[in-house]
Structure formats: C-alpha cells, structure tokens
Amino acid sequence: MKKAFLFLLSTVLAAGAFAQPKKQVADRVIAVVGDRIVLESDVKNALADALRQGQQLPENAECAIMEQALVSKILVLQAERDSLKVDESDVESELDQRIRYFVRQYGSQDELERIAGKTIYQIKDDAREAVRETKLAQQMQRKIVDNVRITPTEVNAYFNRIPADSLPLFESELEIGQIVIYPKPSKDLEAYVMSEMNNFKRQIESKQITFEEVVRQKSEDPGSKDRGGQYQINRTDKSWDPAFVAAAFRLKEGEISNVVRSKFGFHLIQLLQRNGDDALVRHILMKAPVTNEEINSATRKLDSVRSRLVAGTIDFATAAGRYSDDETSKFTGPFIQGRNGNFVTIDELEKDIVPQLARMRVGDLSQPFAFTNERGDKGVRIIYLKTRTEPHRMNLKDDFNRISTAALEEKKMQTLDKWLNSHIADHYIMLDPDLNHCGQLQRWTAGAHTAAR
C-alpha cells in the first residue's frame, strides 16, 4: 500500500481540488515544506474523492495521503531548482479531461456546476495549481528513477524474498486473437430507418410528440436513454464520433439536425446549449437491422480468411489488420486485452467466446460464429487460441516478466526513498502536532525538528 500511495504519486490531491458535493472546507495549515503549504482541507477532500471513486484505502489513509503531499512538495521544489518546466497546454488538457470525467459522472455541465456550487471556469481555476504541481512532481520523479534498471539476478533475489506461503495463485490465463466483421445492413433497411427518423423530426418540430418521448420509445442508446438522450460533449474530445460532433456544432441552439450517420447508426441531434468548444446536446439513435443474409455473407468471408490462415498463406496479425472491423485492434493489435495486457482470464471474456474455447487447443482457430456486442451490434468473428497457462503458484519460469516488473517498481521506490532521505533535511519543514500519530511521517518530523533548530 505504501508503494501505491507514495511511489506512484497518484493525482488524488489534484483531483481533490475539483469541488465535490458537500465538502467541509477547513483552511488550517497542517504542514509547510519550504514555501509550500498543505491545508487540512487538501487531505480531507482528497480522501473523500478517493472514497467516492471506489478506491480501496488503508486504515491510515489520511497519513498516507499526507505523506504523499509532503513528497510532492519536495519534488516540486527540487524541480523548480532544476529548472524543469510544465507545458501549460498539458495542464489545460488535464483540466479539460477531468472536467469531462465529472460531467459524464453527473450527466451535464449544469448539474456539475450545481453540485459543485461553482462554474466550470472556477472549478478549473481552483484545480489548476494543484494539477501543475502534480505534473511538475511527476517530472522530477521520472528524472530520479528513469535510469533505474533491473538485472536477472536482482529479479531472482526479489522472488526468493517472498515467503513460499505468500506466493499468489494465478488462475488460467489465455492469449486470444480475434478477427471481427460487423456486416453492413442493406441499403433498403437503411433507407427505411432514415425515413422513420425524418418522420420523427417532422412530428417533433410540429409538436405532435416531444423529443424526450421519441428517445424513450425508440432510441437505441442505453447510455443516454434515462437522461432524455442528453450528452455533454467537447469539440476537441477524440472519443466522440467525428461525424456526430461536427453535426452537433453546426446547429443553432434549439435546432434539430437532419439525419446524421455515424459508426453507431443514425442520429437526430438537438443542440441545447453551447459554450465555446463545449455543448450540451441530446440525440435519438436508431440502427438499421442486420439480417441473416448479411450475417451469412460475413460468415463466408471469414471462412475464406480462416482457410488461408490454416494453409499458412497469411499470418494472423496481417489478416486481422486487413479484414477485422474491431476498432481496438488498430491500437493494441489483434489480441483481446485484459488486466494483464494480452493475457486474459475467463471472467474477462465476452460470454459468447467461452463455449468456443472449450473445444479448442492451443494453436487452434475457431470456425466463424455470430455474436452481439455490448452496443447491440451484430457481428461474426473467428478466434485464435495462442497460449493457455494452467492455474499455478507464482514462479520464475511462468511469471518472470510479471516478477521483473514488480522488482523494478520496488527498486524505483527504494531509489526515490533514498533520494528523499538525502533531501528532506535541505528544506524547512513544519508539521502540525496532530500528525504525531502517523508513524510513516517520522522522518519528516525529524526534518521539522532540524528546521526548528
């Protein structure tokens, strides 16, 4: 837990600068490092944010967060001495990203502002210095530990220090590649859906029915249906479909778009409010259905691809790059991603994949099979079982890379701790006596005594 709270220097303190509901703000100074202060409210708000985000915290979480704050202050002071700089565009990008996160949490910009009791600009202004400090501290941390390397001997020594009865048990992990095709619906069905949506637009504009009623009755977007189809979007946020964003920002407030086609289907979009690159919109999503005819055509195509793979005339990665419609494969390759990268456990897989694996051995390719993804889109896929590990206790043979990563992180933490121990005495430090119960602050307390003398 010390590693998680101290060494990784998470941005929980910066996140605490984003006003959250009903926080008690106390402006009592509980620590001073050089010319930097730590407020009691900084720690309490950071703790409240961590709990709200579902993080698992140790019993002495306030002490751990306090230590993180002290570490951050020293790293910032050293970064300034070393003339390290933070790109202000990175700070603004981080602020925008966090605002978008909270907007999505609460449903709209107005709701976030209501809960926070501040405007978006005030929220960003309150958080800006904390985000800047966090990024500066992270730069300094990287400078201290980036050249740390680990040798195989050190990996062995790290593993041998773990008590045998503490070695974790790993369940079976698999490397599974996939090639996915999402068949296109027929032109006739697309035309029918577009005609239906144009009809809904006429009914809404003539006040025969409300936008919300059409959302409730017809929209196929479960993510926004309970909010009347509303989303808060940002023009620069690349996670949104570009056709959707472009159409939304061409509208005047209150105006409803013509039918817009995106990778998700067909939309009617209404612009409710716009402020620069931010907009509040609502939409109706309908999809043209994919019939058995399109599914069978995709199955035949993937069957042909599979034949080439079995014959060895094309390798799996090339085939996936050429034929797969899976968007994530463009960035991560053709293998399904899990908590441990390419290695996944059964519980991480989509339910339609699991029965296929029961009939497969390592190196096998499945026959093409139909499925429906989490968005309700119908597709056809083949999967390739590259590797499968047996359930086992952690060992050097099967888990060297995992152990090596853990050993390297420990060595980096030790390097940072050593650096801190040699630099704490260089700074004026004051700690509130109420922190005396925090055992991990003992070295800082010694530093405070040195400063006092």
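A salt bridge is here a side-chain nitrogen of Lys or Arg within 4 Å of a carboxyl oxygen of Asp or Glu. The structure is a predicted model, in which local features need pLDDT of at least 70 and side-chain atom pairs count only at pLDDT 80 or more, while totals for chains, interfaces and linings use all residues. Residues are numbered from 1 along each chain as its sequence is written, and side-chain values use heavy atoms, with hydrogens and water left out.

The chain is assigned domain 1 (29-152 + 407-447), domain 2 (172-185 + 291-390) and domain 3 (187-286); the bounds come from an automatic or database domain assignment. Between the C-alpha centres of domain 1 and domain 3 the distance is 40 Å. Eight residues from domain 1 and 12 residues from domain 3 take part in their contact, where contact means heavy atoms within 4.5 Å.

Domain 1 and domain 3 bury about 790 Å² between them, and carbon and sulfur atoms give 37% of this. Buried area is the accessible area (1.4 Å probe) that two parts lose on being put together, summed over both. Of the area that domain 1 buries against domain 3, 53% is supplied by Arg-100, Arg-104 and Gln-109, more than by any other three residues.

One salt bridge is counted between domain 1 and domain 3. Arg-100 forms a salt bridge with Asp-237, with the closest N and O atoms 3.2 Å apart.

On the side of domain 1 that touches domain 3, the elements giving two or more residues are α5 (88-106) and α6 (109-116). Helix α5 gives the most, with three residues. Helices (H or I, at least four residues) and strands (E, at least two) are DSSP runs, numbered from the N terminus.

Elsewhere, four strands form an open antiparallel sheet in the order β9-β4-β11-β10. Strands β9 (343-344) and β10 (369-372) are at the edges with a single partner strand each, so one side of each has no neighbour in the sheet. Two strands pair if DSSP finds at least two bridges between them. Strand β4 (residues 174-181) pairs with strand β11 (residues 378-388) in the antiparallel sense over eight bridges. Ile-179 has Ile-382 in β11 as its bridge partner.

The salt-bridge rule gives a count of 36. Arg-36 forms a salt bridge with Glu-129, the closest N and O atoms being 4.0 Å apart. Arg-36 lies in strand β2 (residues 36-39) and Glu-129 in helix α7 (residues 120-145), so this pair ties together parts that are 93 residues apart in sequence.
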